[in-house]
Amino acid sequence: MQTLLGARSSMRPLFGQRSSARAVHASAHAGASDYRPIARRVFIGAGLATTLISLPSGPSRADAGTSGIDVEHRLGEVRFTEEEWKAKLGPEAYQVLRREATERRWTSKLNYEKRPGEFKCAGCGAPLFNASTKYESGSGWPSFYQPLPGAVTEVPDYSVLFMPRTEVRCRRCQGHLGHVFDDGPAPTGLRYCMNGLALAFEPSAEEPAAGKA
Ligand SMILES: [Zn+2]
């Protein structure tokens, strides 16, 4: 049942050195009230010794406007069967969005995307980040300092031993996007470290065309 987790943990390179186990960053996602804690621990090197533990009570639990979202089972308002997700996303994006794989750094062309516009969820199309909040972190993954209001869900991630992190998901489909760390730039001090495979970029219509008034 957890057979994918063993493979998954080995596909997960380390994102950054610094991370704190912030339970939830409230200001960056005021609308993401569907937070529920998930504790997961992968015993590295122990094969399938993987446990999935759901804590009974959490520090924040608000139900307003979150009907239909099941954080524990990664089910959002937009949901498909695993087979449907596989067909829709293709193998690489499926592994990232639905199985928490991490793409290899510097492999996404979105690292180099500088135009104004919007980054959307590659799974469901929900707008996630405005391009104005993107910055060059040097990490090899597209990085942002702030998501659009209510666009993401942040969930504690203990899947790597001694490296508690905060997973970032698309709120609408609960697809895995990446992680958020505390070493970002002003004004938030946050680094939303995203998999390019989980994003689709849509340039602004009013992108200035050279030579045109
Ligand atoms: Zn989505």
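1. β7 and strand β8 (residues 165-170) run antiparallel to each other and are joined over six bridges. Within this pairing, valine 155 has glutamate 167 of β8 as its bridge partner. Keep in mind that this is a predicted model.

2. Six strands make up an open sheet, and their order is β5-β6-β10-β9-β8-β7. Pairing in this sheet is antiparallel. The edges are β5 (134-135) and β7 (152-157). Each edge strand has a single partner, so one side of β5 and one side of β7 are left without a neighbour in the sheet. As background, strands of a sheet pair through backbone hydrogen bonds, either parallel or antiparallel.

3. Next, a residue inside that sheet. Methionine 194 lies in strand β10 (residues 191-194). Is methionine 194 buried or exposed? Methionine 194 has 29 other C-beta atoms within 10 Å, and the cut-off for a buried residue is 20 or more. Methionine 194 is therefore buried.

4. What does methionine 194 touch, leaving out residues up to four places away in sequence? Its contacts include the run Trp141, Pro142, Ser143 and Phe144. Leu177, Gly178 and Leu199 are also on the list.

5. Now the helices. Helix α2 (residues 82-89) and helix α3 (residues 91-99) have axes that come within 8 Å. The axes cross at roughly 135 degrees. α2 and α3 are therefore oblique to each other. Their crossing is right-handed.

6. Which residues bring α2 and α3 together? From α2 come Glu82, Trp85, Lys86 and Leu89. From α3 come Ala93, Tyr94, Leu97 and Arg98. Sorted by class, this contact has five nonpolar residues, three charged ones and no polar ones.

7. Last, the chain overall. The secondary structure amounts to three helices and 11 strands. Along the sequence the pattern reads α-β-β-α-α-β-β-β-β-β-β-β-β-β. The chain has 213 residues, and 37% of them count as buried. Among contacts with a separation of 6 or more, 66% are between residues 24 or more positions apart.

Terms used. Residues numbered from 1 in each chain as written. Predicted model: local features only at pLDDT ≥ 70, side-chain atom pairs only at ≥ 80, totals over all residues. Axes fitted to C-alpha atoms, helices over the stretch in contact; angles between N-to-C directions. Helix = DSSP H or I, 4+ residues; strand = E, 2+ residues; numbered from the N terminus. Parallel < 35°, antiparallel > 145°, perpendicular 65-115°, else oblique. Left-handed = near helix turned anticlockwise from the far one by under 90°. Contact = placed C-beta atoms within 7 Å. Nonpolar A, V, L, I, M, F, W, Y, C, P; charged D, E, K, R; others polar. Buried ≥ 20, exposed ≤ 12 C-beta atoms within 10 Å, placed from the backbone. Pairing = 2+ DSSP bridges.
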